[in-house]
Amino acid sequence: MIRAELIGLVTTTATKVTAVASVVGLIFTQLAFVLLLPALHRGDIGPGAEELGDDLPIAELDTAAGQLGALSPLGAATGGSIGISLLAVALLGVLAGTSDFRYGGIVGAALAQPRRERILLAKAGATGLVALAVGAGLVVVNVAILFSTLGVAGTPLVADATDVVAVLARGTLAVLCMALIGLAIGVLARSQLAGVLVMLAILVAEPVIAAAAQLVTGSLPAWTQFLPVAVIQAAIGDRAAGLPPLVAVAAMFALTAAALVAASVALRRRDL
């Protein structure tokens, strides 16, 4: 079943569009991070760092933390904001989860495999393979942009090689988990439009909820560190997200597993 699901995914236009969108979005995000922000700090363009003050994000590519932050396959760490790549990967999962409901393929799949949890496992396996391929492509693009920028600027790579590999590996796992969460939401929503809207609502609402909680309490509550985008950014290595990377990875896997279990229960109990 995984092979059939995989063929269906890789031959679908929506999959190709979201994959391309994730790569293009990453390119624009990273070029802004590694080229535009340093130029604004230096005053090459714009009024300069002194005039912009705290409104100008920090992008220090001559430090290990700055270089590692620029290596995120979902875009450079942005403190909870939603990048194009993150959105595209999430929608890739949603579209994978809703395509059979939209075109009626879920009925044939259920007739061929009455145990519906196995249908979800096949979908998760196929979506996971596609997500890993997309994640690998994002890693290649990201590494190429960073090393090209460092080479042009004459800046050495000061980040430890082990840390670089760890960030890239955790970033690829984050792409995988984000796609699987999107898949679960798609299966739960069943309708493609509803799934996309729910996914957008979750991603857009998170920074709003975190900001509102901070305004009410005077500080950022600990529970906001376990919201989906915050967990994924922390898993990759965003220190501003609060959680240690390994704890965030465990939380990311738990969140993914919970979403898939909920989708499995819904698929098993509801009429097709």
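This is a predicted model: local features need pLDDT of at least 70, side-chain atom pairs count only at pLDDT 80 or more; totals for chains, interfaces and linings use all residues.
Which residues touch the most other members of the largest nonpolar core?

Residues are numbered from 1 along each chain as its sequence is written, and side-chain values use heavy atoms, with hydrogens and water left out.

**View 1. The largest nonpolar core.** Leu74, Met178 and Met199 touch the most other members of this core, which holds 66 residues. Two or more core residues come from each of helices H2 (13-42), H5 (84-103), H6 (105-112), H7 (116-153), H8 (161-189), H9 (192-217), H10 (228-236) and H11 (245-269). H8 supplies the largest share, 15 residues. A nonpolar core is a set of buried Ala, Val, Leu, Ile, Met, Phe, Trp, Tyr and Cys residues joined through side-chain atoms within 4.5 Å. Buried means under 20% relative accessible area, exposed over 50%, and partly exposed in between (1.4 Å probe, protein chains only). Helices are DSSP runs of H or I with at least four residues, numbered from the N terminus. In soluble globular proteins, nonpolar side chains tend to be buried together.

**View 2. Surroundings of Met199.** When residues up to four places away in sequence are not counted, methionine 199 touches Ala90, Leu91, Val94, Met178, Gly182 and Ile185. Contact here means heavy atoms within 4.5 Å. Met178, one of these neighbours, is also listed with Met199 and Leu74 as touching the most other core members.

**View 3. The salt-bridge network of Glu5, Asp100 and Lys123.** Salt bridges link these three residues in a network. A salt bridge is a side-chain nitrogen of Lys or Arg within 4 Å of a carboxyl oxygen of Asp or Glu. In the pair of lysine 123 and glutamate 5, the closest N and O atoms are 3.5 Å apart. Because lysine 123 lies in helix H7 and glutamate 5 in helix H1, this pair ties together parts that are 118 residues apart in sequence. Aspartate 100 also forms a salt bridge with lysine 123, with the closest N and O atoms 2.6 Å apart. Aspartate 100 belongs to helix H5 and lysine 123 to helix H7, so this pair joins parts that are 23 residues apart in sequence. Aspartate 100 and lysine 123 are both buried.

**View 4. Glu5 in helix H1.** Glutamate 5 is found in helix H1, residues 2-10, and counts as buried because its relative accessibility is 15%. Beyond four places in sequence, glutamate 5 touches Asp100, Ala122, Lys123 and Ala126.

**View 5. The segment before H1.** Methionine 1 lies in this segment and counts as partly exposed, at 43% relative accessibility. Although methionine 1 and isoleucine 119 are 118 residues apart in sequence, their C-alpha atoms are 7.5 Å apart. Not counting residues up to four places away, methionine 1 touches Gln113, Ile119 and Ala122.

**View 6. The salt bridge of Glu117 and Arg115.** The closest N and O atoms of this pair are 3.1 Å apart. Glutamate 117 is partly exposed, with a relative accessible area of 21%, and arginine 115 is partly exposed at 45%.

**View 7. A nonpolar surface patch.** Leu193, Leu197, Leu200 and Val204 make a patch of about 370 Å². Patches consist of residues with over 30% relative accessible area and no salt bridge, with like charges joined within 9 Å and nonpolar side chains (Val, Leu, Ile, Met, Phe, Trp, Tyr) within 5 Å. Accessible areas come from the Shrake-Rupley method with a 1.4 Å probe, and for residues only the protein chains shown count as cover. Valine 204 lies in helix H9.
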